[in-house]
Amino acid sequence: MQKEMKEEAERLKTLFTFKQHEIETSTRKSPWSARSKKAPMAPPATPVPVPLQMQRWNQSGAVAGPSRVTQESPNRPRFGEIVNNERTRKPGVETRNLPSGFQLSASPTKSRLTGFRKGRGKATDSNQRGPLQVQDGGPPPASLPFGGTQTNSFQTARDDDSGAIPQEDVFMADSNADINFHSQEDVEMTDGAQDPHIHTTVDEEFEEVEPHRWIVDLHRLVLMHMEPTCRMTTFHALLGVALPIGPKSDAYTSACSRILDVLANVPAQGHQAWELAAQAICGALTEMADMLAASNHITSLAALFSQLTQITYTLPAPHPYLLVDNVTDPEEDGVPRILAVICSIIQDHVSKLECQDTEKSELGLLAKESLALLEALCWNTPSDLENRLAFVPRCPSVLTILLDSSRPMWFLFQSTRMLSRFSTRPVLFQPLLSFPDTEEQSQDYTRLPHVERMCSLLTDSSRTGDEADGIKRHILTFFAMLSEAHPTAHTIIIESQSVIPSIIVYLYGLSAPVWQGDEAMESDPQAASRVIQRMNQTTFLLHHLMFKAEAPLRLRERLECAPRHYNGLVHLFVVTMGRLSFADVPEWVQEEDKQDLERVAGLAKDLLELLMDAPEMDAIWATYQEGPDEEMEDDEEVEARRLAANVI
């Protein structure tokens, strides 16, 4: 007990001495200009940061202490200039019980740097870590963690060059050693690695992010959406639609009123109520679309479809509110009402679209927005709602209307892209490769009407340009995705009378300009790269379709029995695969494209071996070899050799 009282008295004495010295130095400090220019006899003090508690402790008193914003320098330490020999060094300081983190050394400053740099194997700069936070309340801490020590190169050099201990450092070390509080809340002197709680406290500080207010986005989409061809907002235009007086007009007015009721109430916490608002608005807009379609308001219906498309892409999960069952029509029970409206639009209006119609025409705008909404509904549909999309391909004449070659190029581009999106849903493979439900005709799956139209578009060489290339790319994607969806789908595709022949014709049309010399392609390396890329992708698809078949594919019989409009199919196949397998790549082709063609040569050879025997393969290989003997041969000999190989 006496020992504790003695230690407490010693602590208070030291604390009083430290504060008295600080008051004296702050009151006796002379201006900088009046100070002596003579160099100090001893090295300057190593700056020690003042903890937050000590700052508040000093500020609570009546005596003004040193300012924290004072710039630290070698001749002006943070605690003011300490006069030498004001406090003599206590004897036997080396034998005192120093706080944790201090080690005896010839230079206290150097030992502090050493202890600071140990840590966890790396040094932590004070500018990166910043000052450590100390909890308010309680007495001032006994010492500071070295993570907050600020040093500079000038001070370190002075400390390393000086072998004696600066008296300012001794004073600070003695004062810190004397201040020994017996409290569990004290901050101990550590090197930053012995107290992980300090680091976790700093690292765990983060700003809480508020939930996104989807209700605000929903209000903005309803009130501010504007179709590019209109001069007013979509909802304003929908409110101004005049329908004939009757039940449909009353239902349309009621739907508008429900939307206005939702828009009039913006909850304070929008992240909790946006689902109910989305359900009400989507249901009302779907009902309005049905009324507009029945009344032939094409322009307003196109704008409403555009608005629904934006809502579908913006909100997280609007599909449960759009793909709901049609409860108003008992005959269409289980059919989403919005899909029924779109299919009726395709049957009644899109079927009248002609080749000269543009996207900006009244009918073209409705067709474009209908396809865009179908594509949006298929884009991120939940798995439990995928089967509801099957109504579109099962609806009579919808697929044949979408793939009619008399439609404009821009429309075929969007319709094939929409069908390629549908093919990514494995659940839809059966309706996409079947006849519509109500068509009364022979169920010959080798001649599906919409598949035949796709194959016709794939082999149409009269369509050129980026849109035509996109149409053919979408068709190939459609076949590739369905072949992976189910073994039955793969069988239907390869047993089709037109799929394999159309792919071969398309591949021949891609390879011919590369080896026959096309000036436009040679002068445009980017166009040549795109053609070579499509040629490689088509070869991969053809190899996949033929070699994944469960039963052996009789390729020669399939090619010889192809429909009449695929004349000379054996010749086209042998020439195309022979070029890809054995012909030298033209010199004008870029190096990367040459490597792509070399990688696909093995696949082309495998396909060629399905049709040709070993002697015929040797003859085809010899045809594409250029040597001194071959150059002297007559054209008749080359022709005879090709005839012997059944090339022609």
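Partly exposed means a relative accessible area between the buried limit of 20% and the exposed limit of 50%. The legends below describe a predicted model.

**View 1. Salt bridge between D596 and R599.** The side chains of D596 and R599 meet in a salt bridge, with 2.1 Å from N to O. Both residues lie in helix α28 (residues 591-609), and because they are three residues apart, about one helical turn separates them. D596 has a relative accessible area of 24%, so D596 is partly exposed. R599, at 56%, is exposed.

**View 2. Salt bridge between E560 and R556.** Here the N to O distance is 3.8 Å. E560 and R556 are four residues apart in helix α26 (residues 555-560), which means that about one helical turn lies between them. E560 counts as exposed because its relative accessibility is 53%. R556 has a relative accessibility of 27% and therefore counts as partly exposed.

**View 3. Salt bridge between D404 and R453.** The closest N and O atoms of this pair are 3.7 Å apart. With 32% relative accessibility, R453 counts as partly exposed.

**View 4. Network of E375, R417 and R421.** Salt bridges link these three residues in a network. Side chains of opposite charge can pair when their charged atoms come close. A search of the whole structure finds 15 salt bridges.

Key. Residues are numbered from 1 along each chain as its sequence is written. This is a predicted model: local features need pLDDT of at least 70, side-chain atom pairs count only at pLDDT 80 or more; totals for chains, interfaces and linings use all residues. Side-chain values use heavy atoms; hydrogens and water are left out. A salt bridge is a side-chain nitrogen of Lys or Arg within 4 Å of a carboxyl oxygen of Asp or Glu. Buried means under 20% relative accessible area, exposed over 50%, partly exposed in between (1.4 Å probe, protein chains only). Helices (H or I, at least four residues) and strands (E, at least two) are DSSP runs, numbered from the N terminus.
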